[in-house]
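Hello,

Here is the structure we talked about. Please look it over, then read the notes below.

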Amino acid sequence: MRIGEAVAERIEQLCREKEITLNKLGTISGVTQSTLNNIVSGVSKNPTISTIKKICDGLNISIVQFFDTPEFRNLEQEMK
């Protein structure tokens with residue numbers, strides 16, 4: 001799994017856990033709906049840390065909590 005895929009899956013997982021839509025996440029985080037859609041659909045393969053931080057703030061979690069999953073611990077090396 002690559003970083004963009006892991007970020008997209010994590011956002012979707014957190015939305016399910018919090019029982020919110022991407023639209024609601026956009027509203028509470030200040031990240032545009034189009035940016036969230038691009039991340040989740042894979043159009044945006046490398047979202048910035050500042051975007052992820054805004055998402056975390058909207059979800060009331062830390063960046064550490066966002067990245068503390070098996071998917072991120074087992075990422076493929078992207079530069080070979």
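Glu19 counts as exposed, at 73% relative accessibility (exposed is over 50% relative accessible area, buried under 20%, partly exposed in between; 1.4 Å probe, protein chains only). Glu19 sits in the loop between helix 1 and helix 2 (helices are DSSP runs of H or I, at least four residues, numbered from the N terminus). Its phi is near 55°, positive in a residue other than glycine. Most residues other than glycine have a negative phi. Asn60 has a positive phi too, near 60°. Asn60 is in the loop between helix 4 and helix 5. Asn60 is exposed, at 69% relative accessible area.

**Provenance**

This is a predicted model: local features need pLDDT of at least 70, side-chain atom pairs count only at pLDDT 80 or more, and totals for chains, interfaces and linings use all residues. Residues are numbered from 1 along each chain as its sequence is written, and side-chain values use heavy atoms, leaving out hydrogens and water.

Helix 4 spans residues 49-59, with Thr51, Ile52, Ile55, Cys56, Gly58 and Leu59 buried. These fall within an arc of 160° seen down the axis, so they line one face of the helix (the arc is that of directions from the helix axis to the C-beta atoms). Their cover includes helices 1, 2, 3 and 5.

The largest nonpolar core has 19 residues (buried Ala, Val, Leu, Ile, Met, Phe, Trp, Tyr and Cys joined through side-chain atoms within 4.5 Å). Helix 1 gives the most to this core, five residues.

Regards

Definitions and conventions
Helices (H or I, at least four residues) and strands (E, at least two) are DSSP runs, numbered from the N terminus. Contact means heavy atoms within 4.5 Å.
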